[in-house]
Amino acid sequence: MSNLKDTDGIEQQYTEHPYPAPISNMRERIEQGYRQGSSPDECWHQLFPEKAYRDDLNILIAGCGTNQAVYHAMRFPNSHHYAIDVSDASLNHVKDMIKKYDIKNLEIEKKDIVELQHKNEFDYVISTGVIHHTKDPQESLSRLVETTKDDGALNIMVYAIYLRVGIYYFQDAFRYLGLKPTKEGIGTAKTLIELSPKNHYAHNYIEQITKSSGTRDLTFDAGFVDTFFNARDVAFDIFELKELINNAGAYLQCWIDNSQFYRYLINFSRAESLNETYNNFDPWELGDFIQKMSPSTGKFDFVLRKEKKYEHRYFYITDVLPSTYAHRYRLTDREKPDISSNKGGSIGINDAEVKLDIIERIVWDNLNNKIEDVLNMSNDLFSKHGIDKELSFEELRGMLHRFWKNGYLSFSDK
């Protein structure tokens, strides 16, 4: 990273440009279907595959920004939330929302992550988009791990270098020109981006974030500043992330979206030696290979646990048992199936659509059950509809593990 990078100014940045855009009608937004990816009910099986769902958690939100703590407190009234941030503007907005909605289960405090003194206290720790802005990401993550109960989980997001490299080129270029995050500076920066060559690395990132269903950072000034004028941020590659996690005394349980790091990208079946090498990649190697062959993400969203037995849970197909549950995850119906015409239809999320054959469709419709039950129900339906197929457990397990690697489903013990 360039030595042009500022080493301070984060508090000032987020005070002058509260991020993300404050939501003043959170109750209405929730009623309209607004959700955050860190919601326990949205990602429970990624967090706690060994536990039945519960909503009475002790939750730490480290770097809560404007909306995250308010959202969680309102959506999960049976849980207690402790939220910290360094931005007065963000915390003042949270205070206004606490008063407006008479929120009783949220405690907020202006504090840096490294100032936390809690030990083994929280069931669930959330820190998304924060650690990479701290003065010492290693100390920050280590402190968050310390605050987590031994059987707790951490939902973490940090920047990934793969799609962000061009962002740092622009950041440095704007510093060379002395641009500041003012109306004039932002306007000039936007013009320079528009005038830049279309093969500039940053345009890959801009294209991806424009299609994103998230905060759409480039559509508002605070998001633009967060991206191109950030006072301090760093991005990691897979192996730097591995070191960060290992040094914090934690274990990577899973990615929130496996498709970014495990998806079936290239078929090496006709090249035996390459196929053998590819199939022997460990989880870190596979993730790095996928992103270097097809860069598609500027962030790592992942779950950490404190016990080694959860490390890379379900990455190896032998972890998937007949008693394991398989749950549909994130994707919903797009095109309905037509069994009489042998058409499986499609499933999808946002702009992505996945075609299913009739065998995959019948299996898909029987998910949210134990795999042994999915097998029996699917085979019964094949017979009922005159489909000449009877899946073995090994065939079904292979299909479901491929779905898992592609981010279509989640596994759990309960």
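This is a predicted model: local features need pLDDT of at least 70, side-chain atom pairs count only at pLDDT 80 or more; totals for chains, interfaces and linings use all residues.
1. **The three-stranded sheet.** Let's start with the open sheet, where 3 strands sit in the order β12-β8-β13 with antiparallel pairing. The edge positions belong to β12 (369-370) and β13 (409-412); each has a single partner strand, so one side of each lacks a neighbour in the sheet. If you're tracing this on screen, remember that strands of a sheet pair through backbone hydrogen bonds, either parallel or antiparallel.

2. **How β8 meets β12.** Strand β8 covers residues 325-328 and pairs with β12 in the antiparallel sense, over 2 bridges.

3. **The run from β9 to β11.** Next come strands β9 (residues 332-335) and β10 (residues 346-349), which pair in the antiparallel sense over 3 bridges. Strand β10 is also joined to β11 (residues 352-355) by 4 bridges, and those two run antiparallel.

4. **The hairpin turn.** What sits between β10 and β11 in their hairpin? There are 2 residues between the strands, and asparagine 350 in the turn has a positive phi of about 55°.

5. **Histidine 72.** Over in helix α4 (residues 68-75) you'll find histidine 72. Is histidine 72 buried or exposed? Histidine 72 has a relative accessible area of 0%, which puts it under the 20% cut-off, so it counts as buried. Leaving aside neighbours within four places in sequence, histidine 72 is in contact with Gln36, Ser38, Ser39, Pro40, Ile61, His81 and Ile126.

6. **A nonpolar patch on the surface.** Last, have a look at Tyr176, Leu177, Leu192 and Leu195, which make a nonpolar surface patch of about 480 Å². Within this group, leucine 177 lies in the loop between α7 (165-176) and α8 (183-195). Why does leucine 177 count as exposed? Because its relative accessibility is 56%, and exposed means over 50%.

Technical notes. Residues are numbered from 1 along each chain as its sequence is written. Side-chain values use heavy atoms; hydrogens and water are left out. Patches are made of residues with over 30% relative accessible area and no salt bridge: like charges are joined within 9 Å, nonpolar side chains (Val, Leu, Ile, Met, Phe, Trp, Tyr) within 5 Å. Accessible areas come from the Shrake-Rupley method with a 1.4 Å probe; for residues, only the protein chains shown count as cover. A salt bridge is a side-chain nitrogen of Lys or Arg within 4 Å of a carboxyl oxygen of Asp or Glu. Buried means under 20% relative accessible area, exposed over 50%, partly exposed in between (1.4 Å probe, protein chains only). Two strands pair if DSSP finds at least two bridges between them. Contact means heavy atoms within 4.5 Å.
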